[in-house]
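Please read the numbered points alongside the sequence and the model.

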Amino acid sequence: ITERFEHDLFNGISFDLNGLDSKELKAALEAVLDHTHVKAAYPVRIIRRSEVMIEKTVSKRESLSSLPHGMTQVDRVHSELKIFGKGIKVGVIDSGVDYLHPALGGGFGKGFKVQYGYDLVGNEYTGENSPIPGPDPLDSCTVESGASHGTHVSGIIAGYDAKTNFTGVAPQATLGMWRIFGCKGFAASDVIVKALLMAYDAGMDIISASVGGDDAWSNSPEAIVAQRIAKKGVPFIVSTGNSGSDGAFTVGIPSIGKDVWSIASVENAYYKINYFKAIYATTSSNLVSGAVVAGDKNIGSKSDGCDPSTVPNLKGKLALVQRGSCTFTLKSTNVIKAGAIGLVIYNDYEGDAFTPLKFESTIPIVSISAAGGLAILAGIKAGTEILTFDPNPHYLPRDNGYLISDFSSIDASNELDIKPNIAGIGGQIYSTLPRFLNSWGFMSGTSMAAPYVSGSIALFIEAKGFKRNNKVISHQFKNYAMKLVHTKGNSVIESPLLQGAGLVQVYDAISGKVSVSPTQISFNDSSSFAKYKTQTLTIHNTGKARAVFKVINEPSIALAPYNRSGQGYAIVGPVGFSNSKAKLIFSKTSVTINSGQKATVRVTVVPPKTNPKDHIMYGGYIHFKSGNHKSTLDTTVPYFGVVGKQRDLPLFDAKYPYLSDSDGTNVFSKIDTYTYDRSNSTTIPYIIYRLLTPTAKFDVDVLNAKTKKSIGKTMTDSQHWTVEGSVGLGLDNSSSSIPVPSGTYILNLKALKLLGNPKDPKDWETFQTGPIVVK
């Protein structure tokens, strides 16, 4: 036994089974599963630490323009309401914290900013070895790794440093840190569950977790515990995941849980850049100053700097080359050999400046736009071109500011609940780093958006006093979030399956006097249309003034999760989009509500007329537009639905499943006879599968080959299978089961279709092997 959970919210144990052969392993598992006190069993999942982009900075003073508080009204809460999160406790589940950082209080325990926490794992923990816990959650790693994650997150929530003009979202909040990651590696799900329960028991007012795995089912142990904590009134804030480029259904656990806040990422409106001046051109970036020359005799092609024979003498110069067909490391190596003291890489085509990641170089490398590179090249041809770099950072508007980040995970749960729920700022966030990483830097990820929302909730709780009232807090934030557009310069609204209710607006959430419930609507898919097509919204006016609203449908961009002509029903990454829009029929198009009163509006959806086989996911917002903005703010409710029946989606990819042996590559068709010799483990039959669509259950029957009747199951009720793998089917491997007699059998695999009814045979997809002779 590795962990014991004896708690009001969760009872269980986690355990390892080591040193067992396949027969002993199956016997041990069945002994556990057959026990009358066991309600459910789950594998211990190894969850990767969140991937983030890190940009360190050595600047000693940062402008407040690097902070996105103007985008979220946090600046107004600070300046007008004088609210800073005082007295609110935020628990963080992450990689530890460098609490000795001056912006994070300089110590741990009573009287410090970081007062609570525990190290559940130790520095050497990888997710697969034994944790070495301790009472101190200090990030004491001394190498550059993702361990800096927890320090950056903590600074976003509650950091404050007057010397550098840095102010977190809730700078007077109190922090707790429960460390679940070592200096490298992963965390096991049982460790995560333990950390969640410890944070809850410590009395945290908010729990923030920038962690998760790609799984759109809501009943993993982590999701179950998160849901139960949320139902106890504690806002549980989780990053939605960074798998948006992989397409739809990429929102991860535990953010997929009901009542859990799943947080999408929005790009910061500004970015930091260093200018340099040239005699003939002015552009922007950072590098050592000096004369710049062509870094290739034939400059102007993607092969610039790739061939040492075409690199001229560059002694004491900065080398200019175009981005292209070889690695940055190779370009750097070649110009260094030629004497260069720095490398300037300009983008090809019409590309903007970029971050040259994953390179090894002993000289500084900078990237600039294609236009900037061509301007410098023209200057070189006109005479001696000198680049002079400004050491002070500047902040410029970003083209993708106020847009959902490309990496932010997308789409509803497999049960068609709207996820993510709301958005925070997660792209290019400046915050604290451990002192061994120069103390300050930028990171990007939904890992940054979740703590930003957590800090926002701390401000709200201080202002309104709603401790342990997750439902009310959630209502206010969702009702008053800002809807974002799909692309810059276009009025088309972004899908709620990317932004949830929208970007948090803290001041409006605090001051809003009208609440609408439910805070989000799923019209589900076509198979359950009759049940979900009409829903009722309740509007409650808690203010002193009469509220008058117009009720408006504002459709968003729709999602096209599949490219049937190109990839069939394999999920397309990145996700496709459609202009398909639903119509909404309201029982009333205007509402007047006196102080303290409630009103209801029935909403009936008319889905867009698209091909049901495309499974288009339409969406939008029900906008309650105020007739008097001086007394009553606008409020919105997101909605979505699917044209088509999710249970019609095929489970298995083409040519799958198939029967194979331990090698996994040999294919045995239904006309082939397979021989399983129980004295030779290499002949154990395997079913190799690849799933296009997730399934809630696998069920494998052993059929008598002659009578086609089941004599028992070799595997049953396996939950929540995704992607691909193999099912090993030893037919006599357990002391608690009955070995099949020697003879001929057929394996019948059944997989439950998405949203299918387990009691309806039509909702199962089946596969039968050919005859298997068991000796």
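**Notes on the predicted model**

1. Ile376 has its place in helix H8 (residues 370–382); helices (H or I, at least four residues) and strands (E, at least two) are DSSP runs, numbered from the N terminus. Ile376 is buried, with a relative accessible area of 0%, where buried means under 20% relative accessible area, exposed over 50% and partly exposed in between (1.4 Å probe, protein chains only). Between the C-alpha atoms of Ile376 and Ala294, which are 82 residues apart along the chain, the separation is 9.5 Å.

2. On the basis of the note: this is a predicted model, in which local features need pLDDT of at least 70 and side-chain atom pairs count only at pLDDT 80 or more, while totals for chains, interfaces and linings use all residues. Residues are numbered from 1 along each chain as its sequence is written, and side-chain values use heavy atoms, with hydrogens and water left out.

3. An open sheet of 7 strands runs in the order E6-E9-E5-E11-E12-E13-E21, with parallel pairing; two strands pair if DSSP finds at least two bridges between them. Strand E6 (114–119) and strand E21 (422–427) stand at the edges with a single partner strand each, so one side of each has no neighbour in the sheet. From one strand to the next, the twist averages 25°, with axes being lines fitted to C-alpha atoms (for helices over the stretch in contact) and angles running from 0 to 180 degrees between N-to-C directions.

4. E6 pairs with strand E9 (residues 174–179) in the parallel sense over 5 bridges. Within E9, Trp178 is the bridge partner of Tyr118.

5. The axes of helix H5 (residues 189–201) and helix H6 (residues 221–231) come within 9 Å and cross at roughly 10°. H5 is therefore roughly parallel to H6, as angles under 35 degrees count as roughly parallel, over 145 as roughly antiparallel, 65 to 115 as roughly perpendicular and the rest as oblique.

6. The whole structure holds 2 disulfides, a disulfide being a pair of cysteine sulfur atoms within 2.5 Å. In one of them, the sulfur atoms of Cys141 and Cys183 are 1.9 Å apart; the link is left-handed, with -95° about the S-S bond. Cys141 is buried at a relative accessible area of 1%, and Cys183 counts as buried at 12%.

7. A disulfide also joins Cys306 to Cys326, with an S to S distance of 2.0 Å. Both Cys306 and Cys326 are buried.
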